[in-house]
2 protein chains.
Amino acid sequence: MANAAPMTDEDVCAHIRDSVLERRLAPGTKLTEESLCAIFGVGRTTIRRAFLLLKRDNIVELHRNRGAMIASPSPEEAQQVFESRRLVEKALLEQSIGKINAVSLETLEVHLKEEQGALASGNIARWIRLTGEFHMHLARQAGNEIMSAFLEQLVFQTSLIVALYGPSNSGSNCNGDDHRNIVDALKSKDLDSATSQLMHHLQEIESQLTFGGPQAADDLQAAFANVRTA
Amino acid sequence: MANAAPMTDEDVCAHIRDSVLERRLAPGTKLTEESLCAIFGVGRTTIRRAFLLLKRDNIVELHRNRGAMIASPSPEEAQQVFESRRLVEKALLEQSIGKINAVSLETLEVHLKEEQGALASGNIARWIRLTGEFHMHLARQAGNEIMSAFLEQLVFQTSLIVALYGPSNSGSNCNGDDHRNIVDALKSKDLDSATSQLMHHLQEIESQLTFGGPQAADDLQAAFANVRTA
DNA sequence: TCGTGTTAGATTGTCAACAATTTATAGCAA
DNA sequence: TTGCTATAAATTGTTGACAATCTAACACGA
(Lines give C-alpha, C1' and ligand atoms only; values in the text may rest on other atoms or scores of the structure.)
Protein backbone atom coordinates (compact mmCIF):
# COMPACT_ATOMS: atom_id res chain seq x y z
CA MET A 1 0.00 0.00 0.00
CA ALA A 2 2.90 2.31 0.67
CA ASN A 3 3.92 4.27 -2.40
CA ALA A 4 7.49 3.95 -3.51
CA ALA A 5 7.69 7.69 -4.03
CA PRO A 6 7.56 9.40 -0.65
CA MET A 7 4.89 11.99 -0.11
CA THR A 8 5.65 15.64 -0.51
CA ASP A 9 4.48 18.41 1.79
CA GLU A 10 1.76 19.30 -0.70
CA ASP A 11 0.46 15.74 -0.59
CA VAL A 12 0.24 15.79 3.19
CA CYS A 13 -1.43 19.16 2.92
CA ALA A 14 -4.01 17.85 0.50
CA HIS A 15 -4.81 14.88 2.73
CA ILE A 16 -5.37 17.05 5.76
CA ARG A 17 -7.43 19.48 3.71
CA ASP A 18 -9.59 16.63 2.45
CA SER A 19 -10.12 15.42 5.98
CA VAL A 20 -11.27 18.86 6.97
CA LEU A 21 -13.57 19.13 3.98
CA GLU A 22 -15.12 15.78 4.80
CA ARG A 23 -15.44 16.62 8.49
CA ARG A 24 -13.23 13.80 9.63
CA LEU A 25 -10.95 16.20 11.43
CA ALA A 26 -12.76 18.35 13.95
CA PRO A 27 -11.69 21.91 14.78
CA GLY A 28 -9.32 21.96 17.72
CA THR A 29 -7.85 18.54 17.02
CA LYS A 30 -4.22 18.40 18.04
CA LEU A 31 -1.85 17.40 15.27
CA THR A 32 1.33 15.94 16.70
CA GLU A 33 4.27 15.77 14.36
CA GLU A 34 5.28 12.26 15.30
CA SER A 35 1.90 10.67 14.69
CA LEU A 36 1.58 12.34 11.31
CA CYS A 37 5.08 11.17 10.44
CA ALA A 38 3.97 7.61 11.11
CA ILE A 39 0.68 8.01 9.21
CA PHE A 40 2.15 9.50 6.06
CA GLY A 41 5.53 7.84 6.25
CA VAL A 42 7.57 11.00 5.98
CA GLY A 43 10.07 12.88 8.10
CA ARG A 44 9.30 15.69 10.50
CA THR A 45 10.60 18.23 8.01
CA THR A 46 7.81 17.43 5.58
CA ILE A 47 5.13 17.58 8.25
CA ARG A 48 6.51 20.86 9.47
CA ARG A 49 6.34 22.38 6.00
CA ALA A 50 2.82 21.09 5.56
CA PHE A 51 1.85 22.83 8.80
CA LEU A 52 3.22 26.10 7.50
CA LEU A 53 1.25 25.78 4.29
CA LEU A 54 -1.93 24.92 6.16
CA LYS A 55 -1.43 27.82 8.52
CA ARG A 56 -1.40 30.18 5.55
CA ASP A 57 -4.82 28.86 4.57
CA ASN A 58 -6.11 29.28 8.12
CA ILE A 59 -6.73 25.56 8.34
CA VAL A 60 -4.39 24.95 11.25
CA GLU A 61 -3.27 27.18 14.08
CA LEU A 62 0.36 27.11 15.13
CA HIS A 63 1.38 28.00 18.66
CA ARG A 64 5.03 28.23 19.50
CA ASN A 65 6.26 25.15 21.35
CA ARG A 66 2.73 23.84 21.40
CA GLY A 67 2.48 22.52 17.90
CA ALA A 68 -0.43 22.53 15.49
CA MET A 69 -4.14 22.05 15.80
CA ILE A 70 -7.03 22.27 13.38
CA ALA A 71 -8.21 25.86 13.44
CA SER A 72 -11.29 26.95 15.35
CA PRO A 73 -12.60 30.09 13.68
CA SER A 74 -14.13 32.56 16.11
CA PRO A 75 -17.68 33.81 15.58
CA GLU A 76 -16.21 37.06 14.30
CA GLU A 77 -14.11 35.22 11.77
CA ALA A 78 -17.11 33.13 10.81
CA GLN A 79 -19.12 36.25 10.12
CA GLN A 80 -16.32 37.66 7.99
CA VAL A 81 -15.96 34.43 6.06
CA PHE A 82 -19.62 34.49 5.09
CA GLU A 83 -19.52 38.16 4.23
CA SER A 84 -16.45 37.50 2.08
CA ARG A 85 -18.13 34.60 0.35
CA ARG A 86 -21.20 36.67 -0.50
CA LEU A 87 -18.95 39.40 -1.82
CA VAL A 88 -16.74 37.13 -3.85
CA GLU A 89 -19.29 34.69 -5.16
CA LYS A 90 -21.62 37.47 -6.23
CA ALA A 91 -18.86 39.24 -8.10
CA LEU A 92 -17.67 36.03 -9.73
CA LEU A 93 -21.19 35.23 -10.83
CA GLU A 94 -21.34 38.55 -12.64
CA GLN A 95 -18.13 37.70 -14.40
CA SER A 96 -19.34 34.22 -15.24
CA ILE A 97 -22.71 34.98 -16.72
CA GLY A 98 -21.22 36.14 -19.99
CA LYS A 99 -18.90 33.17 -20.28
CA ILE A 100 -21.38 30.40 -19.61
CA ASN A 101 -21.53 27.87 -22.42
CA ALA A 102 -22.70 24.33 -23.02
CA VAL A 103 -19.47 22.82 -21.75
CA SER A 104 -19.46 24.67 -18.46
CA LEU A 105 -23.14 23.96 -17.90
CA GLU A 106 -22.45 20.29 -18.51
CA THR A 107 -19.68 20.37 -15.89
CA LEU A 108 -22.15 21.72 -13.36
CA GLU A 109 -24.82 19.22 -14.35
CA VAL A 110 -22.39 16.34 -13.93
CA HIS A 111 -21.47 17.67 -10.53
CA LEU A 112 -25.09 17.88 -9.45
CA LYS A 113 -25.52 14.26 -10.45
CA GLU A 114 -22.48 13.31 -8.41
CA GLU A 115 -23.93 15.08 -5.42
CA GLN A 116 -27.18 13.19 -5.72
CA GLY A 117 -25.35 9.94 -6.31
CA ALA A 118 -23.29 10.32 -3.16
CA LEU A 119 -26.38 11.21 -1.17
CA ALA A 120 -28.33 8.28 -2.56
CA SER A 121 -25.57 5.79 -1.84
CA GLY A 122 -25.25 7.04 1.70
CA ASN A 123 -21.68 8.24 1.27
CA ILE A 124 -22.16 11.24 3.48
CA ALA A 125 -18.51 12.23 3.72
CA ARG A 126 -18.30 12.36 -0.04
CA TRP A 127 -21.53 14.30 -0.28
CA ILE A 128 -20.33 16.90 2.21
CA ARG A 129 -17.17 17.34 0.22
CA LEU A 130 -19.05 17.64 -3.06
CA THR A 131 -21.40 20.29 -1.76
CA GLY A 132 -18.35 22.38 -0.96
CA GLU A 133 -16.78 21.73 -4.31
CA PHE A 134 -19.90 22.87 -6.11
CA HIS A 135 -19.10 26.42 -5.17
CA MET A 136 -15.59 25.93 -6.48
CA HIS A 137 -16.89 24.75 -9.83
CA LEU A 138 -19.18 27.75 -9.94
CA ALA A 139 -16.30 30.10 -9.17
CA ARG A 140 -14.06 28.67 -11.83
CA GLN A 141 -16.54 29.68 -14.51
CA ALA A 142 -15.32 33.25 -14.10
CA GLY A 143 -11.92 32.22 -15.42
CA ASN A 144 -9.94 33.97 -12.70
CA GLU A 145 -7.61 31.56 -10.93
CA ILE A 146 -6.61 34.02 -8.24
CA MET A 147 -10.19 34.54 -7.17
CA SER A 148 -10.92 30.82 -7.41
CA ALA A 149 -8.01 30.03 -5.13
CA PHE A 150 -9.23 32.61 -2.66
CA LEU A 151 -12.73 31.20 -2.65
CA GLU A 152 -11.25 27.76 -2.07
CA GLN A 153 -9.78 29.05 1.17
CA LEU A 154 -13.14 30.44 2.17
CA VAL A 155 -14.89 27.14 1.41
CA PHE A 156 -12.46 25.28 3.65
CA GLN A 157 -13.00 27.83 6.37
CA THR A 158 -16.73 27.37 5.98
CA SER A 159 -16.32 23.67 6.54
CA LEU A 160 -14.64 24.37 9.87
CA ILE A 161 -17.26 26.91 10.81
CA VAL A 162 -20.19 24.61 10.13
CA ALA A 163 -18.46 21.83 12.02
CA LEU A 164 -18.14 24.18 14.99
CA TYR A 165 -21.38 26.09 14.97
CA GLY A 166 -23.61 24.28 12.52
CA PRO A 167 -26.66 22.14 13.26
CA SER A 168 -25.30 18.99 14.80
CA ASN A 169 -27.77 16.62 13.17
CA SER A 170 -27.39 17.91 9.62
CA GLY A 171 -24.23 16.65 8.06
CA SER A 172 -23.77 19.27 5.39
CA ASN A 173 -23.61 22.98 4.92
CA CYS A 174 -25.43 22.92 1.60
CA ASN A 175 -28.87 21.98 0.43
CA GLY A 176 -28.99 20.02 -2.79
CA ASP A 177 -32.03 21.80 -4.15
CA ASP A 178 -30.39 25.19 -3.76
CA HIS A 179 -27.58 24.12 -6.03
CA ARG A 180 -30.07 22.83 -8.57
CA ASN A 181 -31.89 26.16 -8.63
CA ILE A 182 -28.69 28.12 -9.14
CA VAL A 183 -27.68 26.02 -12.12
CA ASP A 184 -31.15 26.37 -13.60
CA ALA A 185 -30.96 30.15 -13.32
CA LEU A 186 -27.56 30.10 -15.00
CA LYS A 187 -28.94 27.91 -17.75
CA SER A 188 -31.47 30.58 -18.61
CA LYS A 189 -28.79 33.27 -18.28
CA ASP A 190 -30.77 34.99 -15.54
CA LEU A 191 -28.07 36.76 -13.55
CA ASP A 192 -30.43 38.38 -11.07
CA SER A 193 -32.12 35.12 -10.26
CA ALA A 194 -28.87 33.21 -9.97
CA THR A 195 -27.40 35.89 -7.72
CA SER A 196 -30.38 36.08 -5.40
CA GLN A 197 -30.54 32.29 -5.20
CA LEU A 198 -26.85 32.11 -4.35
CA MET A 199 -27.07 34.89 -1.77
CA HIS A 200 -30.11 33.30 -0.21
CA HIS A 201 -28.32 29.96 -0.14
CA LEU A 202 -25.34 31.40 1.73
CA GLN A 203 -27.53 33.33 4.12
CA GLU A 204 -29.52 30.19 4.80
CA ILE A 205 -26.39 28.34 5.87
CA GLU A 206 -25.19 31.24 8.00
CA SER A 207 -28.55 31.59 9.70
CA GLN A 208 -28.36 27.99 10.89
CA LEU A 209 -25.24 28.67 12.91
CA THR A 210 -25.54 28.96 16.67
CA PHE A 211 -22.76 30.81 18.43
CA GLY A 212 -24.39 30.88 21.81
CA GLY A 213 -23.46 27.62 23.48
CA PRO A 214 -20.08 26.51 24.72
CA GLN A 215 -17.91 25.80 21.74
CA ALA A 216 -16.44 22.41 22.40
CA ALA A 217 -17.35 21.83 26.02
CA ASP A 218 -14.31 19.64 26.49
CA ASP A 219 -11.67 22.23 25.78
CA LEU A 220 -11.35 24.92 28.41
CA GLN A 221 -8.01 25.82 26.97
CA ALA A 222 -9.68 27.07 23.80
CA ALA A 223 -12.62 28.52 25.69
CA PHE A 224 -10.31 30.88 27.54
CA ALA A 225 -7.87 31.47 24.75
CA ASN A 226 -8.67 35.18 24.95
CA VAL A 227 -7.38 35.44 28.52
CA ARG A 228 -3.82 36.59 28.55
CA THR A 229 -1.93 35.95 31.77
CA ALA A 230 0.35 38.89 32.45
CA MET B 1 22.77 47.41 15.13
CA ALA B 2 22.04 43.73 15.47
CA ASN B 3 19.07 43.03 17.67
CA ALA B 4 19.63 40.81 20.65
CA ALA B 5 16.47 38.90 19.87
CA PRO B 6 17.00 36.88 16.68
CA MET B 7 14.62 37.50 13.85
CA THR B 8 11.73 35.17 13.22
CA ASP B 9 10.58 33.90 9.84
CA GLU B 10 7.80 36.46 9.85
CA ASP B 11 10.32 39.25 10.35
CA VAL B 12 12.38 38.11 7.41
CA CYS B 13 9.19 37.82 5.43
CA ALA B 14 8.20 41.37 6.26
CA HIS B 15 11.60 42.73 5.25
CA ILE B 16 11.50 41.02 1.89
CA ARG B 17 7.91 42.14 1.37
CA ASP B 18 8.90 45.72 2.13
CA SER B 19 11.73 45.53 -0.35
CA VAL B 20 9.30 44.36 -2.99
CA LEU B 21 6.80 47.08 -2.16
CA GLU B 22 9.53 49.73 -2.41
CA ARG B 23 10.85 48.23 -5.65
CA ARG B 24 14.27 47.54 -4.25
CA LEU B 25 13.99 43.90 -5.17
CA ALA B 26 13.27 43.37 -8.84
CA PRO B 27 11.24 40.42 -10.14
CA GLY B 28 13.47 37.52 -11.04
CA THR B 29 16.11 38.35 -8.44
CA LYS B 30 17.72 35.18 -7.12
CA LEU B 31 17.54 34.77 -3.36
CA THR B 32 20.29 32.50 -2.10
CA GLU B 33 19.81 31.10 1.35
CA GLU B 34 23.34 31.74 2.51
CA SER B 35 23.39 35.43 1.63
CA LEU B 36 20.07 36.01 3.36
CA CYS B 37 21.35 34.14 6.41
CA ALA B 38 24.23 36.60 6.58
CA ILE B 39 22.02 39.63 6.01
CA PHE B 40 19.42 38.80 8.64
CA GLY B 41 21.68 36.91 11.00
CA VAL B 42 19.56 33.78 11.17
CA GLY B 43 19.94 30.12 10.32
CA ARG B 44 18.93 28.50 7.10
CA THR B 45 15.87 27.02 8.75
CA THR B 46 14.38 30.45 9.26
CA ILE B 47 15.11 31.60 5.71
CA ARG B 48 13.60 28.41 4.38
CA ARG B 49 10.39 28.98 6.32
CA ALA B 50 10.26 32.57 5.13
CA PHE B 51 10.52 31.34 1.53
CA LEU B 52 7.58 29.07 2.09
CA LEU B 53 5.48 31.89 3.48
CA LEU B 54 6.42 34.20 0.63
CA LYS B 55 5.62 31.52 -1.91
CA ARG B 56 2.09 31.33 -0.55
CA ASP B 57 1.72 35.04 -1.22
CA ASN B 58 3.07 34.62 -4.76
CA ILE B 59 5.97 36.92 -3.92
CA VAL B 60 8.69 34.35 -4.55
CA GLU B 61 8.84 31.36 -6.84
CA LEU B 62 10.42 28.16 -5.58
CA HIS B 63 12.01 25.67 -7.94
CA ARG B 64 13.22 22.39 -6.58
CA ASN B 65 16.97 22.31 -6.14
CA ARG B 66 17.18 25.75 -7.70
CA GLY B 67 16.16 27.87 -4.81
CA ALA B 68 14.01 30.98 -4.62
CA MET B 69 13.61 34.05 -6.75
CA ILE B 70 11.34 37.05 -6.64
CA ALA B 71 8.24 36.15 -8.63
CA SER B 72 7.68 37.37 -12.17
CA PRO B 73 3.93 37.39 -12.77
CA SER B 74 2.96 36.51 -16.33
CA PRO B 75 0.78 38.88 -18.38
CA GLU B 76 -2.14 36.53 -17.76
CA GLU B 77 -1.59 36.69 -14.02
CA ALA B 78 -1.25 40.44 -14.24
CA GLN B 79 -4.60 40.70 -15.95
CA GLN B 80 -6.19 38.53 -13.30
CA VAL B 81 -4.66 40.55 -10.50
CA PHE B 82 -6.16 43.74 -11.85
CA GLU B 83 -9.52 42.13 -12.46
CA SER B 84 -9.43 40.80 -8.91
CA ARG B 85 -8.55 44.19 -7.53
CA ARG B 86 -11.42 45.88 -9.33
CA LEU B 87 -13.75 43.20 -8.06
CA VAL B 88 -12.54 43.31 -4.49
CA GLU B 89 -12.00 47.01 -4.07
CA LYS B 90 -15.38 47.83 -5.56
CA ALA B 91 -17.14 45.43 -3.24
CA LEU B 92 -15.20 46.67 -0.22
CA LEU B 93 -16.08 50.25 -1.07
CA GLU B 94 -19.77 49.33 -0.98
CA GLN B 95 -19.25 47.83 2.44
CA SER B 96 -17.28 50.83 3.63
CA ILE B 97 -19.58 53.63 2.58
CA GLY B 98 -21.94 53.03 5.47
CA LYS B 99 -19.16 52.78 8.02
CA ILE B 100 -17.23 55.89 7.12
CA ASN B 101 -16.86 58.26 10.04
CA ALA B 102 -14.70 61.18 11.11
CA VAL B 103 -11.99 58.94 12.48
CA SER B 104 -11.60 56.84 9.37
CA LEU B 105 -11.64 59.90 7.15
CA GLU B 106 -8.92 61.42 9.29
CA THR B 107 -6.81 58.28 8.84
CA LEU B 108 -7.08 58.64 5.09
CA GLU B 109 -6.33 62.37 5.22
CA VAL B 110 -3.22 61.75 7.29
CA HIS B 111 -2.14 59.16 4.78
CA LEU B 112 -2.60 61.54 1.86
CA LYS B 113 -0.41 64.05 3.65
CA GLU B 114 2.24 61.40 4.18
CA GLU B 115 2.15 60.61 0.50
CA GLN B 116 2.66 64.23 -0.44
CA GLY B 117 5.36 64.63 2.18
CA ALA B 118 7.32 61.69 0.86
CA LEU B 119 6.97 62.98 -2.68
CA ALA B 120 8.03 66.50 -1.69
CA SER B 121 11.06 65.31 0.21
CA GLY B 122 12.17 63.18 -2.70
CA ASN B 123 11.85 59.91 -0.82
CA ILE B 124 10.60 58.00 -3.80
CA ALA B 125 10.90 54.55 -2.31
CA ARG B 126 8.72 55.62 0.59
CA TRP B 127 6.25 57.28 -1.74
CA ILE B 128 5.91 54.17 -3.84
CA ARG B 129 5.22 52.15 -0.73
CA LEU B 130 2.68 54.64 0.56
CA THR B 131 0.72 54.71 -2.68
CA GLY B 132 0.31 50.98 -2.33
CA GLU B 133 -0.66 51.24 1.31
CA PHE B 134 -3.37 53.76 0.50
CA HIS B 135 -5.44 51.01 -1.01
CA MET B 136 -4.89 48.95 2.10
CA HIS B 137 -6.18 51.75 4.31
CA LEU B 138 -9.17 52.08 2.05
CA ALA B 139 -9.89 48.37 2.22
CA ARG B 140 -9.69 48.24 6.00
CA GLN B 141 -12.61 50.65 6.26
CA ALA B 142 -14.88 47.75 5.37
CA GLY B 143 -13.95 46.05 8.62
CA ASN B 144 -13.30 42.66 7.07
CA GLU B 145 -9.81 41.41 7.90
CA ILE B 146 -10.01 38.43 5.58
CA MET B 147 -10.73 40.60 2.58
CA SER B 148 -8.11 43.13 3.67
CA ALA B 149 -5.48 40.43 3.87
CA PHE B 150 -6.45 39.22 0.43
CA LEU B 151 -6.20 42.69 -1.04
CA GLU B 152 -2.79 43.05 0.57
CA GLN B 153 -1.63 40.09 -1.49
CA LEU B 154 -3.00 41.70 -4.62
CA VAL B 155 -1.26 44.99 -3.85
CA PHE B 156 2.08 43.23 -3.48
CA GLN B 157 1.47 41.42 -6.74
CA THR B 158 0.67 44.74 -8.38
CA SER B 159 4.00 46.07 -7.23
CA LEU B 160 5.76 43.23 -9.03
CA ILE B 161 3.63 43.69 -12.11
CA VAL B 162 4.31 47.41 -12.41
CA ALA B 163 7.99 46.78 -11.87
CA LEU B 164 7.92 44.30 -14.73
CA TYR B 165 5.58 45.90 -17.21
CA GLY B 166 5.05 49.46 -15.98
CA PRO B 167 6.39 52.66 -17.47
CA SER B 168 10.10 52.66 -16.73
CA ASN B 169 10.37 56.39 -16.07
CA SER B 170 7.46 56.68 -13.66
CA GLY B 171 8.39 55.35 -10.28
CA SER B 172 4.95 54.56 -8.96
CA ASN B 173 1.79 52.76 -9.86
CA CYS B 174 -0.50 55.37 -8.36
CA ASN B 175 -1.25 58.97 -9.08
CA GLY B 176 -1.54 61.20 -6.03
CA ASP B 177 -4.48 63.19 -7.37
CA ASP B 178 -6.52 60.06 -7.95
CA HIS B 179 -6.26 59.17 -4.29
CA ARG B 180 -7.28 62.66 -3.31
CA ASN B 181 -10.38 62.45 -5.47
CA ILE B 182 -11.41 59.14 -4.00
CA VAL B 183 -11.18 60.44 -0.45
CA ASP B 184 -13.16 63.52 -1.39
CA ALA B 185 -15.92 61.38 -2.84
CA LEU B 186 -15.97 59.30 0.32
CA LYS B 187 -16.13 62.46 2.40
CA SER B 188 -19.38 63.41 0.68
CA LYS B 189 -20.63 59.83 0.97
CA ASP B 190 -20.94 59.59 -2.79
CA LEU B 191 -20.53 55.87 -3.42
CA ASP B 192 -21.03 56.05 -7.17
CA SER B 193 -18.43 58.74 -7.57
CA ALA B 194 -15.94 57.01 -5.29
CA THR B 195 -16.42 53.73 -7.10
CA SER B 196 -16.01 55.16 -10.56
CA GLN B 197 -12.95 57.13 -9.46
CA LEU B 198 -11.40 54.00 -8.00
CA MET B 199 -12.21 51.85 -11.03
CA HIS B 200 -10.85 54.51 -13.33
CA HIS B 201 -7.73 54.74 -11.18
CA LEU B 202 -7.07 51.02 -11.44
CA GLN B 203 -7.80 50.93 -15.15
CA GLU B 204 -5.43 53.84 -15.66
CA ILE B 205 -2.59 51.92 -14.04
CA GLU B 206 -3.37 48.78 -16.00
CA SER B 207 -3.54 50.65 -19.29
CA GLN B 208 0.01 51.90 -18.78
CA LEU B 209 1.40 48.40 -18.76
CA THR B 210 3.22 47.17 -21.85
CA PHE B 211 3.49 43.43 -22.23
CA GLY B 212 5.00 43.45 -25.66
CA GLY B 213 8.66 44.22 -25.16
CA PRO B 214 11.36 42.06 -23.59
CA GLN B 215 10.65 41.75 -19.91
CA ALA B 216 13.88 42.47 -18.13
CA ALA B 217 16.46 42.29 -20.89
CA ASP B 218 19.08 41.08 -18.42
CA ASP B 219 17.42 37.87 -17.38
CA LEU B 220 17.06 35.35 -20.15
CA GLN B 221 16.36 32.68 -17.57
CA ALA B 222 13.11 34.37 -16.68
CA ALA B 223 12.38 35.32 -20.26
CA PHE B 224 12.29 31.66 -21.25
CA ALA B 225 10.79 30.32 -18.05
CA ASN B 226 7.90 28.96 -20.10
CA VAL B 227 10.18 26.61 -21.99
CA ARG B 228 10.24 23.22 -20.39
CA THR B 229 13.15 20.97 -21.36
CA ALA B 230 11.97 17.40 -21.54
C1' DT C 1 -10.03 16.68 49.46
C1' DC C 2 -7.97 20.44 47.40
C1' DG C 3 -4.33 23.24 45.87
C1' DT C 4 0.64 23.83 45.09
C1' DG C 5 5.37 22.81 43.81
C1' DT C 6 8.48 19.53 41.91
C1' DT C 7 10.06 16.01 38.87
C1' DA C 8 9.67 12.88 34.67
C1' DG C 9 8.04 12.37 30.16
C1' DA C 10 6.73 13.96 25.79
C1' DT C 11 6.78 17.36 22.16
C1' DT C 12 8.59 20.99 19.63
C1' DG C 13 12.60 24.15 18.02
C1' DT C 14 17.21 24.55 16.33
C1' DC C 15 21.41 23.50 14.46
C1' DA C 16 25.20 21.22 12.04
C1' DA C 17 26.79 17.67 9.26
C1' DC C 18 25.95 14.93 5.25
C1' DA C 19 23.70 13.73 0.66
C1' DA C 20 21.81 15.07 -3.75
C1' DT C 21 21.46 18.24 -7.31
C1' DT C 22 22.65 21.97 -10.01
C1' DT C 23 25.85 25.33 -11.86
C1' DA C 24 30.35 26.85 -13.19
C1' DT C 25 34.97 25.81 -14.83
C1' DA C 26 38.47 23.67 -17.49
C1' DG C 27 40.14 20.73 -21.00
C1' DC C 28 39.95 18.74 -25.46
C1' DA C 29 38.56 17.57 -30.20
C1' DA C 30 36.45 19.13 -34.50
C1' DT D 1 35.70 29.58 -32.09
C1' DT D 2 32.20 26.09 -31.18
C1' DG D 3 30.50 22.06 -29.00
C1' DC D 4 31.05 18.41 -25.90
C1' DT D 5 32.63 15.93 -21.66
C1' DA D 6 34.46 15.60 -17.15
C1' DT D 7 35.68 17.59 -13.04
C1' DA D 8 35.16 21.05 -9.27
C1' DA D 9 32.51 24.36 -6.77
C1' DA D 10 28.43 26.04 -5.00
C1' DT D 11 23.73 25.57 -3.61
C1' DT D 12 19.88 23.21 -2.01
C1' DG D 13 17.52 19.07 0.38
C1' DT D 14 17.40 15.87 4.22
C1' DT D 15 18.36 13.65 8.28
C1' DG D 16 19.46 12.97 13.06
C1' DA D 17 21.00 14.55 17.41
C1' DC D 18 20.59 17.84 20.97
C1' DA D 19 18.45 21.89 23.44
C1' DA D 20 14.37 24.30 24.96
C1' DT D 21 9.76 24.15 26.20
C1' DC D 22 5.50 22.41 27.48
C1' DT D 23 2.42 18.72 29.61
C1' DA D 24 1.33 15.35 32.91
C1' DA D 25 2.01 12.72 36.89
C1' DC D 26 3.15 12.68 41.64
C1' DA D 27 4.09 13.87 46.30
C1' DC D 28 3.33 16.98 49.98
C1' DG D 29 1.13 20.21 53.19
C1' DA D 30 -3.01 22.81 54.43
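Colleague: How can chain B be laid on chain A?

Modeller: In this predicted model, chain B can be laid on chain A by a turn of 180° together with a shift of 0.0 Å along the axis, and the RMSD is then 0.1 Å. That is the relation of a two-fold axis.

Colleague: And through which surface do the copies meet?

Modeller: The copies meet through the same surface, because 100% of the interface residues of chain B are also interface residues in chain A.

Colleague: How many residues of each chain are in contact there?

Modeller: On the side of chain B there are 15 residues, and they are in contact with 15 residues of chain A. The elements of chain B that give two or more residues to this side are α3 (44-56), α4 (75-97) and α7 (145-165), and the largest share, six residues, comes from α4(B).

Colleague: What kinds of residues make up that side of chain B?

Modeller: The side of chain B that touches chain A divides into eight nonpolar residues, three polar ones and four charged ones.

Colleague: Changing topic to the core, how many residues has the largest nonpolar core, and which have the most contacts inside it?

Modeller: The largest nonpolar core has 108 residues, and those with the most contacts inside it are A:Met147 and B:Met147.

Colleague: What is A:Met147 in contact with, leaving aside its neighbours within four places in sequence?

Modeller: With those neighbours left aside, A:Met147 is in contact with A:Val88, A:Leu92, A:Ala139 and A:Ala142 in chain A, and also with B:Ser84 and B:Leu87 in chain B.

Colleague: Now the strands: what is the order of the sheet in chain A?

Modeller: Chain A has an open sheet of three strands in the order β1-β3-β2, and the pairing is antiparallel. Strands β1 (30-31) and β2 (60-63) of chain A stand at the edges, and each has a single partner strand, so one side of each is left without a neighbour in the sheet.

Colleague: Which helix packs on that sheet?

Modeller: Helix α3 (residues 44-56) of chain A packs on the sheet, where it touches β2 and β3 of chain A, and its direction makes about 115° with that of β2(A).

Colleague: How many bridges join β1(A) to β3 of chain A?

Modeller: Two bridges join β1(A) to β3 (residues 67-70) of chain A, and these strands run antiparallel. As one example of a bridge partner, A:Lys30 has A:Met69 in β3(A).

Colleague: And what is the strand order in chain B?

Modeller: In chain B an open sheet of three strands has the order β1-β3-β2, with antiparallel pairing. Here β1 (30-31) and β2 of chain B stand at the edges with a single partner strand each, so one side of each is left without a neighbour in the sheet. Strands β1(B) and β3(B) pair in the antiparallel sense over two bridges, and the bridge partner of B:Leu31 in β3(B) is B:Ala68.

Colleague: One more thing, where is B:Asn65 found?

Modeller: B:Asn65 is found in the loop between β2 (60-63) and β3 (67-70) of chain B, and B:Asn65 has a positive phi of about 65° although it is not a glycine.

Colleague: Is B:Asn65 buried or exposed?

Modeller: B:Asn65 counts as exposed, because it has 4 C-beta neighbours inside 10 Å.

Colleague: What about the phi of B:Lys189?

Modeller: B:Lys189 is not a glycine either, yet it has a positive phi of about 50°. B:Lys189 is found in the loop between α8 (176-187) and α9 (191-207) of chain B, and with 11 C-beta neighbours inside 10 Å it counts as exposed, because the cut-off for exposed is 12 or fewer.

Terms used: Residues numbered from 1 in each chain as written. Chains lettered and ligands numbered in written order. Predicted model: local features only at pLDDT ≥ 70, side-chain atom pairs only at ≥ 80, totals over all residues. Core = buried A, V, L, I, M, F, W, Y, C linked by C-beta atoms within 7 Å. Buried ≥ 20, exposed ≤ 12 C-beta atoms within 10 Å, placed from the backbone. Contact = placed C-beta atoms within 7 Å. Helix = DSSP H or I, 4+ residues; strand = E, 2+ residues; numbered from the N terminus. Pairing = 2+ DSSP bridges. Axes fitted to C-alpha atoms, helices over the stretch in contact; angles between N-to-C directions. Least-squares fit on C-alpha atoms with pLDDT ≥ 70 in both. Nonpolar A, V, L, I, M, F, W, Y, C, P; charged D, E, K, R; others polar.
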